[in-house]
Amino acid sequence: MLKVENLVVERGDALVLNGISLSIKEGEIVGVLGPNGAGKTTFLLTISGLVKYKKGSIFFEDKNIKDLSPASIVKLGIAHCPEGRNVFADLTVKENLEMGAYIRKSDVTLKRDMDNVFDRFPILGKRQNQLAGTLSGGEQQMLAISRALLSEPKLLLLDEPSLGLAPIIIEEVFSIIKEINNRGVTILLIEQNARVALDIVNKSYVLETGKIVIQGTSSDLKADKKIQKVYLGIKI
Amino acid sequence: MDNTSLSHFVQVTINGLSMGCVYALVAVGYGMVYGILNMINFAHGEIYMFGAYIAYSALVCKMGLFSSILLSLFFCGVLGVTVERLAYKPLREASRIAPALTAMAVALLIRSAVMIIWGSSPIMFPQVINNKPIILNNNIRFYPLQFSIIFVTIVIWVFSLWLFKYTKIGKAIRAVSQDRNTAWLMGIDADKIVSIVYLYGSILAAIAGFLIANYYILLFPLMGFLGTIRAWTAAVLGGIGKLSGAVIGGLLIGLVESFAMTYISTAYKDVIIFIVLIIILLVMPRGLLKGRGQKV
């Protein structure tokens, strides 16, 4: 479904991504793990078209999406839930969801899907006319994910969904991610928190200073000595 | 207060409110174009001046009132969008000072072009709207044009409030103003939204330019710069990025100017407006309606 080949991204003078290759099949959850500053967020922003690149290529459903605007990439079926949630703080919860559905034409199905969001997350329904900035971190994350889904994506890009959340909320967020995947949405997940991520992904890539250093299934990675030491904090 | 000075006071208030409405229109557009890119658009007032000159030429060429207004709106809209695309868009990622300086250059460019085309000395605007004052008791004069200015402003204010609050495009404008990158990720073409905002702001400026030209029956190239100063002060006074703040700010500036002209000195009215701007920035930088401010 998504195929990235030898992607090189520079920002200013810095080489942020140095030849990344990755592929995702339909229905998978794929993780990109790695420490802060490895280039994970830049990688997602590049797929979404917000960061331009000179070398390499990105194919979505066999279509080269280089030089497409971020808006047209959303229209192809890639939704991006940004790091730090980035809800529109001065828009209401409902207006945030409407922005997520910006590319949709029909109001009838939107009403139905919006009601589904409120059924799944009653707190968002209760606060639909409240400004999104007044929600708690966990609620904002639910809102950001629901908002991204309202564009009816085939592929969902999630940037650090655990960031800044309490452990119990992280658990909830990850079960929601699993649930979304079960409904047929392919997911590319970026995480620092390898422990929770490895429990739900099919395969992972570990990114360090712009390069993929390890890749494999969750069981491969959990068995890897270096992963155990650096990412899971297991003493050996 | 005796009767004469009371009616004088009422007269000054009416005049101030009418001028204030014009400033409000410029300030609403100004606040929008500021909000969407967070840049001070020094060229906004020039568009207002340009619109008045276009209307002047159209009227001199014996075009009808309505078609002259439309022509002026069209030219200003095209100018506003073109300036944004050519001069500001390439600087999106540059430091904040770069587009502001570019805007100053654009302002100079437009002003110079106007001076080349129409000359630098003031010209008389043809009086096309019947403006025979209605004389109320106590000798208070209320001009039909003042009524039109106030009416047009209220209509545009209400329309803009509706546009921002309830329409898809209005919500998208607010989303882009808050976070352009996230808006892109929603599938919103932020570049298109920015253009729409410049188009709308320029059209409001053109309407304001047309009204002020009819009000003073006089055009001069520097009126754009003076318009920018007033609109800027009005937008800051009301709270930058707040629609109703810009309207309230505009009305207050109109009143300040009118009272300063009558009770202090005509020559110092601009100085007084500058003083008001400095005081606001010192004591309440976020304005009356607590707009954006001190954002890092």
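Biologist: Which residues of the largest nonpolar core touch the most other members?
Modeller: This is a predicted model: local features need pLDDT of at least 70, side-chain atom pairs count only at pLDDT 80 or more, and totals for chains, interfaces and linings use all residues. Residues are numbered from 1 along each chain as its sequence is written, while chains are lettered from A and ligands numbered from 1 in the order in which they are written. A nonpolar core is a set of buried Ala, Val, Leu, Ile, Met, Phe, Trp, Tyr and Cys residues joined through C-beta atoms within 7 Å, and a residue is buried with 20 or more other C-beta atoms within 10 Å of its own, exposed with 12 or fewer, partly exposed in between, C-beta atoms being placed from the backbone. Of the 157 residues in the largest core, the ones that touch the most other members are Leu156(A) and Ile188(B).

Biologist: And what gives the most to this core?
Modeller: Look for a helix (helices are DSSP runs of H or I, at least four residues, and strands runs of E, at least two, numbered from the N terminus). With 17 residues, the top contributor is α8(B).

Biologist: How far does helix α8 of chain B reach from its first C-alpha to its last?
Modeller: The helix covers residues 190-216 of chain B, 27 residues in all. The expected span is 1.5 Å times one less than the number of residues, and that works out at 39 Å here. The model comes out close to this, at 39 Å.

Biologist: Back to Ile188(B): which residues of chain A does it touch?
Modeller: Touching means contact, with C-beta atoms, placed from the backbone, within 7 Å. Leaving out residues up to four places away in sequence, Ile188(B) touches Ala172(B), Ala175(B), Val176(B), Ala183(B) and Ile193(B) in chain B. In chain A, it touches Ala71(A), Met99(A) and Tyr102(A).

Biologist: How many nonpolar residues are there on the side of chain A that touches chain B?
Modeller: The contact takes 21 residues from chain A and 14 from chain B, with α2 (70-76) and α3 (93-100) of chain A each supplying at least two residues of chain A's side. Ala, Val, Leu, Ile, Met, Phe, Trp, Tyr, Cys and Pro count as nonpolar, Asp, Glu, Lys and Arg as charged, and the others, Gly among them, as polar. Setting aside six polar and four charged residues, the nonpolar count is eleven.

Biologist: Which are the edge strands of the open sheet of six?
Modeller: Two strands pair if DSSP finds at least two bridges between them. The order in chain A is β6-β7-β8-β3-β9-β10, with mixed pairing. Each edge strand pairs on one side only, and they are β6 (78-81) and β10 (211-217) of chain A.

Biologist: Are the residues on both faces of β3(A) buried or exposed?
Modeller: β3(A) pairs in the parallel sense with β8(A) over five bridges and with β9(A) over four. Gly31(A) stands opposite Leu189(A) on the β8(A) side and opposite Ser204(A) on the β9(A) side. Ile29(A), Gly31(A) and Leu33(A) sit on one face, Val30(A) and Val32(A) on the other, and all are buried.

Biologist: At about what angle does helix α7 of chain A run to β8(A)?
Modeller: Axes are lines fitted to C-alpha atoms, for helices over the stretch in contact, and angles run from 0 to 180 degrees between N-to-C directions. Helix α7 (residues 167-182) lies across β3, β7 and β8 of chain A. Its angle to β8(A) is about 155 degrees.

Biologist: Which strands stand at the edges of the sheet of four in chain A?
Modeller: The order is β2-β1-β4-β5, and the pairing is antiparallel. Each edge strand has a single partner, so one side of each is left without a neighbour in the sheet: these are β2 (14-24) and β5 (63-64).

Biologist: Where does Glu61(A) lie?
Modeller: Glu61(A) has a positive phi of about 50 degrees although it is not a glycine. With 14 other C-beta atoms within 10 Å, Glu61(A) is partly exposed. The strands on either side are joined by two bridges and run antiparallel, and Glu61(A) lies in the loop between β4 and β5 of chain A.

Key: Contact = placed C-beta atoms within 7 Å.
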